[in-house]
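Subject: Structure for your files, with notes on its aromatic rings

Hello,

Please find the structure below.

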Amino acid sequence: MRHPASWAALLVLSAAWQLVLGSAAGGGRRSPHNIVLILTDDQDTEIGGMTPMKKTQALIGQAGVSFRNAFTVTPLCCPSRSSLLSGRYPHNHLVRNNSLEGNCSSPAWQKNQEPLAFPSFLQKQGYQTFYAGKYLNQYGHPAAGGVQHVPLGWSYWNGLTNRSLEFLQKWSHPPFLMVLAPPASHSPWTAAPGYATAYNTTKAPRNGSFNVHGKDKHWLVRQARSPMANTSIEFLDKAYRERWQTLLSVDDLVEKVVGRLKALDLLASTYVFYTSDNGYHAGQFSLPIDKRQLYEFDIRVPLLVRGPGIKANQTRLEPILNIDLGPTFLDIAGLNVSQTAMDGQSFLPLLVSPAQPSTWRADFLVQYTGEGHPDRDPACPALGPGVSQCFPDCVCEDAFNNTYACIRALHPHSLQYCEFADRQAFVELYNLTADPHQLHNVARSVDPTLLEALNQRLIKLQACEGPSCRA
């Protein structure tokens with residue numbers, strides 16, 4: 001699906017909201033369990049991605065709870081969004097990358113996973129369901145039904161166009177599920193005219209792992225030119241500024257949505273969630289711009305929630321995953337996640353209770369399947385086949401064997417253990433308490449019994465399904 005300019009798409013989303021919520025106000029019935037999800041694209045937390053979101057932080061985070069340890073289980077758009085929709089790890093929903101061949105919005109996905117995604121359950125529970133914005137990267141592909149295909153579970157489907165706006169006026173009564181998925185802060189980073197000069201002196205942060213050679217990491221990270229070429233730094237700084245510019249329009253959208261809910265007397269009965277599909281990097285380990293890597297900057301995402309029973313100005317530290325959103329929505333609707341195939345768990349108890357449950361997870365799985373081109377890149381002939389995303393200056397961000405599985409643990413120790421599916425069976429291990437920027441791979445210096453224990457835990461998580469993923 002091709003994306004229009006970010007700010008124009010946001011105007012469409014805003015208009016859609018005005019019509020939908022206007023219709024909701026006329027319904028005459030109120031539900032305590034409305035759900036709004038605002039899902040951005042490629043918005044990080046580790047390199048300042050929430051800085052432009054002043055209104056969002058005030059209207060959602062300060063009015064509710066901010067989760068400081070929110071993660072995606074896979075750091076790429078389509079697999080991550082598939083995990084969010086299905087509540088499942090990638091090894092269970094089988095979406096490997098952003099391509100149709102990688103199962104992104106494929107006929108197999110539509111047949112096997114869409115019926116099990118959270119909107120289908122909520123619709124059956126009596127929710128009116130509305131989607132506007134970016135869905136899955138290959139949505140609209142002719143080989144997958146084209147734009148005529150409306151994913152199961154959505155009463156009103158709007159994509160990134162305004163063709164369906166007139167139908168939104170027919171929307172009847174709460175309870176409702178609304179998903180707004182603006183394309184920001186994904187490229188092409190087209191700012192609204194009023195924000196085109198914002199942050200014109202801003203540069204990507206130079207601390208942590210910025211412009212540091214990943215000398216003890218997987219070969220893909222080691223191949224990055226370090227120190228970076230000036231052209232790479234200029235490129236990433238420009239992208240960094242433009243990402244922030246597009247996010248200002250998202251911040252405005254949040255203000256309009258919350259304001260409209262309040263004006264219609266719906267805010268007190270609505271849970272509002274704000275998150276992103278994955279993080280992002282800009283110069284970390286001398287990789288210019290992208291996601292896809294196993295490190296904190298690519299797997300951490302923002303997560304802010306407000307709603308009924310949630311006290312204001314809370315900060316929580318439990319690890320929350322994007323596969324937990326679907327189970328939480330089902331819990332809000334009175335459905336039991338144990339009756340589904342979802343791997344995640346509801347964090348509704350964390351939202352409405354000050355106590356930390358003793359059964360909350362201590363670790364979780366992160367997975368990624370690398371992508372590469374079978375032929376040489378004409379712009380970078382020296383690189384050979386098997387790599388991709390080689391820009392700028394022929395620094396590659398992905399490859400066929402950039403395929404890994406990781407354990408990310410927060411308790412009792414903050415660590416990350418990763419195994420690559422390559423000829424080396426390469427391993428990375430980080431003590432994030434002592435080394436929060438993951439500068440030092442300690443896999444070769446720790447007790448081998450620790451590596452064996454982590455390997456066994458990883459094998460168990462890679463085979464988990466449903467309840468066993470929550471054990």
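Predicted model: local features only at pLDDT ≥ 70, side-chain atom pairs only at ≥ 80, totals over all residues.

Residues are numbered from 1 along each chain as its sequence is written, and side-chain values use heavy atoms, with hydrogens and water left out.

The structure holds 23 aromatic pairs (rings of Phe, Tyr and Trp, the last by its six-membered ring, with centres within 6.5 Å; planes under 30 degrees apart are stacked, over 60 edge-to-face, the rest tilted). One of them joins Y368 and Y404 in a tilted arrangement, with 5.7 Å centre to centre and 35° between the planes. Y368 belongs to strand β13 (residues 363-368) and Y404 to strand β16 (residues 404-409), so this pair ties together parts 36 residues apart in sequence. Strands here are DSSP runs of E, at least two residues, numbered from the N terminus.

Y368 is buried at 2% relative accessible area, and Y404 is buried at 4%. Buried means under 20% relative accessible area (1.4 Å probe, protein chains only).

F420 and F426 make an edge-to-face pair, 6.2 Å centre to centre with 65° between the planes. F420 is buried at 6%, as is F426 at 10%.

Ring pairs also link F67, F118, Y131, Y135, Y139, W154, W157, F273, F329 and F347 into a cluster.

Finally, the charged end of R243 sits over the ring of Y280, 3.7 Å from its centre (the criterion is NZ of Lys or CZ of Arg within 6 Å of the ring centre and within 35 degrees of the ring normal).

Regards

Key: Helix = DSSP H or I, 4+ residues; strand = E, 2+ residues; numbered from the N terminus. Buried < 20%, exposed > 50% of the residue type's maximum accessible area, 1.4 Å probe, protein only.
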